[in-house]
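I opened this notebook to record what I looked up in the structure.

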Amino acid sequence: MLCYDNYEMLTRPMDAMADHKPLTLTSPKQRQGSRFEQRACEFLQAQGLQLIAQNWQQPKVGELDLIMLETGQAWSTLVFIEVRQRQHSGFGDAALSVTASKQRKIIKTARYFLQAHPEYSHYECRFDVITYDTNKINTHSIAANNTDKNNRDFTNKSKSQTEWLKGAFIASAW
């Protein structure tokens, strides 16, 4: 199963969308977030999870980035996934950006999801976080022609690593 790609929506010609509502992902930050959510979705599918919903929203409450099903031999688990990306800074890494307030919002939104979709209410639930901490490659240590000794190009590159925090937080009195 392929993940829904929000980036595809952003690249459509405007005349093809004349009858549609305006897109809500307008800022570069929103588009970047969408790309990392897509990347996380593909990563989790490669790990065997099945996509249930992407960017599920409960108005005036919150949004769930990814909702996936992890099928096990004994039981299956419904997984609510928050995707975070952050460039290294003095404010901490991406995992630290999922504050207690954000956790409460995700849990509250997950409750609304289960009310709206009672077919999933019998599954065990888990809250995971996928993080991408990106940092620019130090170009000062690379030769003036933007290549290293193995002739790899490092012009305007950034590195990010996927970190999957299973059971990143729990919902008390679920």
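**Fold.** I counted three helices and five strands in the protein chain, taking helices (H or I, at least four residues) and strands (E, at least two) as DSSP runs numbered from the N terminus. Read along the sequence, the order is α-α-β-β-β-α-β-β. I noted that the model is predicted, that local features need pLDDT of at least 70 and side-chain atom pairs pLDDT 80 or more, and that totals for chains, interfaces and linings use all residues. Residues are numbered from 1 along each chain as its sequence is written, and side-chain values use heavy atoms, with hydrogens and water left out.

**Totals.** I looked up burial for the protein chain: 36% of its 174 residues count as buried. Buried means under 20% relative accessible area, exposed over 50%, and partly exposed in between (1.4 Å probe, protein chains only). The protein chain exposes about 11400 Å², of which carbon and sulfur atoms supply 49%; accessible areas come from the Shrake-Rupley method with a 1.4 Å probe, and for residues only the protein chains shown count as cover. I then took contacts (heavy atoms within 4.5 Å). Among those in the protein chain between residues at least 6 apart in sequence, 63% join residues at least 24 apart.

**Aromatic rings.** I searched the whole structure and found eight aromatic pairs. Rings of Phe, Tyr and Trp (its six-membered ring) pair if their centres lie within 6.5 Å; planes under 30 degrees apart count as stacked, over 60 as edge-to-face and the rest as tilted. Phe43 and Trp164 make an edge-to-face pair, because their ring centres are 6.0 Å apart and their planes stand at 85°. This pair links distant parts of the chain, with Phe43 in helix 2 (residues 28-46) and Trp164 in strand 5 (residues 158-169), 121 residues apart. Phe43 is partly exposed, at 25% relative accessibility. I also found the charged end of Lys166 over the ring of Trp164, 4.5 Å from its centre. The criterion is NZ of Lys or CZ of Arg within 6 Å of the ring centre and within 35 degrees of the ring normal.

Which residues form one aromatic cluster? I listed Trp56, Phe80, Phe113, Tyr120, Tyr123, Phe127 and Phe169.

**Helix 3.** I recorded 17 residues for helix 3 (residues 100-116) and a reach of 24 Å from its first C-alpha to its last, close to the 24 Å expected at 1.5 Å a residue. The expected span is 1.5 Å times one less than the number of residues. Its buried residues are Ile106, Ile107, Thr109, Ala110, Phe113 and Leu114. They lie on the same side of helix 3, because they cover an arc of only 165° around the axis; the arc is that of the directions from the helix axis to the C-beta atoms. The face turned away from the buried side carries the exposed residues Arg104 and Gln115. For Phe113 I read 1% relative accessibility, so Phe113 counts as buried.

**Thr77.** I located Thr77 in strand 3 (residues 76-87), where Thr77 is buried at 9% relative accessible area. Leaving out residues up to four places away in sequence, Thr77 touches Met68, Leu69, Glu70, Glu124, Cys125 and Arg126. Its C-alpha is separated by 9.4 Å from that of His122, 45 residues apart along the chain.

**Leu165.** I placed Leu165 in strand 5. Is Leu165 buried or partly exposed? At 23% relative accessibility, Leu165 is partly exposed.
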